[in-house]
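Please open the model in a viewer and keep the selection tool at hand.

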Amino acid sequence: MLWLQTHFEASQWEAIASEEVMLTKDNAEMLANDAMEAGLILNSVPSVSFLSKN
């Protein structure tokens, strides 16, 4: 959690917490690499698409 707080501004936390943020594959890989270099252990999940029924 601290690592995320050091990489994103407080104004972006609501969007991150509510899953409104979408990253490109390249950006996600860069973020994951940065986290691993900082010593974090990451567990990835396959991408999932959700369809909204309105």
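This is a predicted model: local features need pLDDT of at least 70, side-chain atom pairs count only at pLDDT 80 or more; totals for chains, interfaces and linings use all residues.

Residues are numbered from 1 along each chain as its sequence is written, and side-chain values use heavy atoms, with hydrogens and water left out.

First, colour the protein by pLDDT, the predictor's confidence in each residue, from 0 to 100. The mean is 77, and 80% of the residues reach 70 or more. Helices are DSSP runs of H or I with at least four residues, numbered from the N terminus.

Next, select threonine 24, in the loop between helix 2 (13–17) and helix 3. A polar atom of the threonine 24 side chain lies 3.1 Å from the backbone nitrogen of asparagine 27. Threonine 24 has a relative accessible area of 46% and is therefore partly exposed (between 20%, under which a residue is buried, and 50%, over which it is exposed; 1.4 Å probe, protein chains only).

Now select helix 3, residues 25–37, which holds methionine 36. Helix 3 has 13 residues and reaches 18 Å from its first C-alpha to its last, close to the 18 Å expected at 1.5 Å a residue; the expected span is 1.5 Å times one less than the number of residues. Methionine 36 counts as partly exposed because its relative accessibility is 45%.

Technical notes:
Helices (H or I, at least four residues) and strands (E, at least two) are DSSP runs, numbered from the N terminus. A polar contact is a pair of N or O atoms within 3.5 Å; within protein, one must be able to donate a hydrogen and the other to accept it, and residues adjacent in sequence count only if both atoms are side-chain atoms.
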